[in-house]
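Reader: Got a model to go through. Can you walk me through how the helices pack?

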Amino acid sequence: MKTKSLSDRFGSGLMHLLLAVFAICCLYPFILAFMVSISSEQSLINYGYRLVPVEFSTLAYEMVFRDSSIYTGYAVSIFVTVVGTILSLVICGMAGYAMSIRRLRYRNVIAMYFYIPMVFGAGLLPWYLVCTQILQLQNSIWALIVPMLVSSFNIFLMRNYFKTISYSLIESAEIDGCNVFRIFFQIVVPLSTPIIATVTLFIALAYWNDWTLALWFIDKRSLYPLQYMLYKIESIMQFVRQYGSMGNIQVPAQTFQIATLFVTIGPIILVYPFAQRYFVKGIMIGAIKG
Amino acid sequence: MKANITAPMTPASNLNSKVLKKHGFLWEMKKNWAYYLMIVPAAVLLFVFAYLPMPGLIIAFQDFNFVDKFRSPFVGLANFKFYFTSTYAWRTTFNTIFINFNYLIWTTFFSVSFAIMLNEINGKICKKLYQNVMFLPYFFSSVVIGKLVTRIVFSDGMGLANQALKLFGQDPVVWSRNPNPWAWIIIFTHVWKNTGYQSIVYLASITGIDEQLYEAASLDGATRWQRIRYITIPLLLPTIITMSLLSLGGMLRGDFATIYSIIGDNGLLFKYTDVIDTYVFRAIKQAADFGPSAAVGLYQSFVGFILVWGSNKLVKLYDENYALF
C-alpha cells in the first residue's frame with residue numbers, strides 16, 4: 001500500500017535517526033553512570049568519566065554492601081512496596097468495582113466524591129497537619145504507606161475496565177447465591193488481569209520510588225526507604241566515615257554515590273523487561289477507554 | 001434491537017425509576033449494602049487525606065500556634081499580605097508557571113512527534129526497541145534522575161556537559177554556582193523523563209484511527225506528510241487537548257520531587273528554580289511559617305481550579321466534544 005518513493009525513504013531514514021538519537025539520550029547517562037560506579041576513584045580524578053573504565057574497581061559496591069543501612073533500606077522499601085501495593089489494590093479495586101455496577105443508585109454521587117479531590121485540594125499544610133497532628137504519622141512506617149493508598153485515578157481506571165464485563169455474568173452468579181465479595185474476587189478479578197496487572201505495577205512503582213513521604217515524616221535512620229537513603233547519601237557517607245567499620249580505607253565519594261544509586265534501582269532493572277509490556281498494554285487500555 | 005420491540009422505551013424506564021425512588025435511601029442501602037461496603041475503605045481514606053484537610057484552610061486567616069491550634073487568633077488577610085508583598089511571591093509564581101508551561105509545551109511537542117514517527121516507521125523490532133528504551137527513564141525515582149543530572153551530566157568537574165563544552169573548545173562551567181541554566185535543566189530533565197510515557201499514550205490513540213482514512217488518502221495521492229498533517233494531527237487533537245487540560249490544574253503546583261531532588265537546599269540556584277511548592281516546603285519544615293503556607297496553598301488551589309474551569313469553558317466554546325466536563 002505504501003509507495004516507496006525516494007522522499008519517503010529519506011523520511012523514514014530521518015525518523016529512524018531522530019528516534020535512535022533520542023533513545024541513546026535516554027540510555028547513555030545510565031550506562032555512563034554504571035561505568036563510573038565500577039571505576040576506581042583515582043582514575044575518575046585523573047581521566048574524567050569514561051565509557052570504558054580506565055581502572056576497574058568494585059570497591060564502591062563492597063563499601064555499599066558492608067554498611068548495614070542498605071539492608072535496612074531494602075527491608076523498609078520491600079515492606080512498604082508489598083504491603084502498600086496489596087492494600088491499595090484491594091481498596092481501590094473494590095471501590096472501582098462497586099462504582100461500575102449500574103444498578104447502584106448513588107454511584108454518580110460517589111464518583112463525584114472521588115473526582116473532586118482531583119481538581120481541588122487543600123494544599124500541603126493542612127494535609128501535613130492532619131498527618132502529624134491527628135494521625136500522628138511521624139516516624140512510623142505507616143507514614144510511607146497510608147497517605148498513598150487511595151488514588152482516584154486508579155479507581156476510575158479500574159472502574160472503566162470493570163464496566164466492560166458483561167453484567168449478566170455477575171447477575172447470574174448472584175442468582176446462584178454467590179455473595180458480592182466472592183463474585184468480585186473469584187469472577188471479576190480473574191477476568192480483568194490486564195488492568196489489574198497494569199495498576200499493580202503502577203502502584204508498586206509509585207511506592208518503590210517514593211521518597212517525599214519520608215522527607216515529610218521520617219527522621220529515624222532505621223526507617224529510611226532506599227530512595228530516601230539515596231537522597232540523603234551525603235549525610236550517610238559522613239556517617240559511614242565516622243562510625244563505619246571501614247578501618248582506615250577512604251570512602252570513594254563519587255563512586256559510592258553512584259554505586260548506591262544502582263543498588264537502589266536493581267529490582268526495577270530486573271523487573272523492567274517483564275513489566276514494561278504490561279505498562280504499554282495498560283496505557284493503551286486507559287487511552288482508548290479513557 | 002430491543003428498543004424497537006418495546007417501543008415506548010423512555011416512558012417505561014421513567015416509570016421504573018419512579019417506582020424505585022419510592023423505596024428511598026434505606027431501601028437502597030439494604031439491597032446493595034455489600035457494594036457500598038466495598039467503597040467504604042477508599043471513601044474513608046479519601047476523606048481523611050483529601051477532605052479532612054480542607055477545613056484546615058482556615059489557618060490561612062489565622063496566626064497559627066500549636067497551643068490554640070485551629071482556635072488561633074484570626075488575622076484577616078495578613079498571611080496573604082505577608083506572601084504577596086514578599087519578594088518570593090512574584091519569583092516563585094513566575095518560576096512555577098514558566099517551568100510548568102515549558103513542561104507542557106515541550107513534553108507534548110516531543111511525545112506527539114515521536115508517537116507519529118513510531119507509527120510511521122517500518123520494522124517491528126526497531127519500533128519495540130525505541131519504545132522500550134524511551135520508556136526507561138520513566139521507571140526511576142526522581143532522586144535517581146536527580147543524582148544522574150547533578151553527579152553525571154551537570155557535575156562541576158568532569159560531567160558530561162563539561163566534557164561536551166570541552167569538545168567545542170569552551171571552558172568548563174561550575175554548574176552548582178551558576179543559577180542561569182537550571183530552569184532549563186529542570187525542564188528538559190522532566191521532558192526527557194516523561195516523553196517516552198506520553199508518546200505511548202499518543203501512539204495508542206493514533207493506532208485507534210481508522211486505517212481506511214489512510215488508504216483513501218493514499219489512493220488520492222496524498223504524500224506521507226499530507227497524511228500526517230491532515231489526518232493524524234487533527235484526529236490526535238482531542239487527546240492532546242484532554243491531556244493539556246488535565247495538566248493545567250497543576251499549573252501552580254509543579255513537580256516538587258524532581259525539582260527538590262535536583263536543587264535541594266542549594267540557595268545559590270533558587271533565583272530561577274524556586275517554585276511555590278519548594279517555597280511552601282521550606283516554610284513548613286524549616287521555618288514553621290504555618291499561616292503563610294496555608295495562604296499560599298489556598299492561592300494555588302484557587303488559581304488551579306480557575307485555570308481548569310476557565311480553559312474548559314474556552315475549549316467548550318471552540319468545540320463541545322473536546323471539553324473535559
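Author: Start with a handedness: α4(A) passes α7(A) in a right-handed crossing (the near helix is turned clockwise from the far one by less than a right angle). Helices are DSSP runs of H or I, at least four residues, numbered from the N terminus. This is a predicted model: local features need pLDDT of at least 70, side-chain atom pairs count only at pLDDT 80 or more, and totals for chains, interfaces and linings use all residues. Residues are numbered from 1 along each chain as written, and chains are lettered from A in the order written, with ligands numbered from 1.

Reader: At what angle do α4(A) and α7(A) cross?

Author: Roughly 45°, and the axes come within 8 Å. That makes α4(A) oblique to α7(A).

Reader: Which residues of α4(A) and α7(A) meet?

Author: From α4(A), C92(A), G96(A) and Y97(A) are among them; from α7(A), they include I155(A), M158(A) and F162(A). Contact means C-beta atoms, placed from the backbone, within 7 Å.

Reader: Switching to chain B. How do α5(B) and α8(B) pack?

Author: Their angle is about 130°, with the axes 7 Å apart. α5(B) and α8(B) are therefore oblique to each other. Q131(B), M134(B) and F135(B) in α5(B) meet residues of α8(B), including Y197(B) and I200(B).

Reader: And between the chains, how many residues does the contact take?

Author: 71 from chain A and 73 from chain B. On the side of chain A that touches chain B, α1(A) gives the most, with 16 residues.

Key: Axes are lines fitted to C-alpha atoms, for helices over the stretch in contact, and angles run from 0 to 180 degrees between N-to-C directions. Helices (H or I, at least four residues) and strands (E, at least two) are DSSP runs, numbered from the N terminus. Angles under 35 degrees count as roughly parallel, over 145 as roughly antiparallel, 65 to 115 as roughly perpendicular and the rest as oblique. Two residues are in contact if their C-beta atoms, placed from the backbone, lie within 7 Å.
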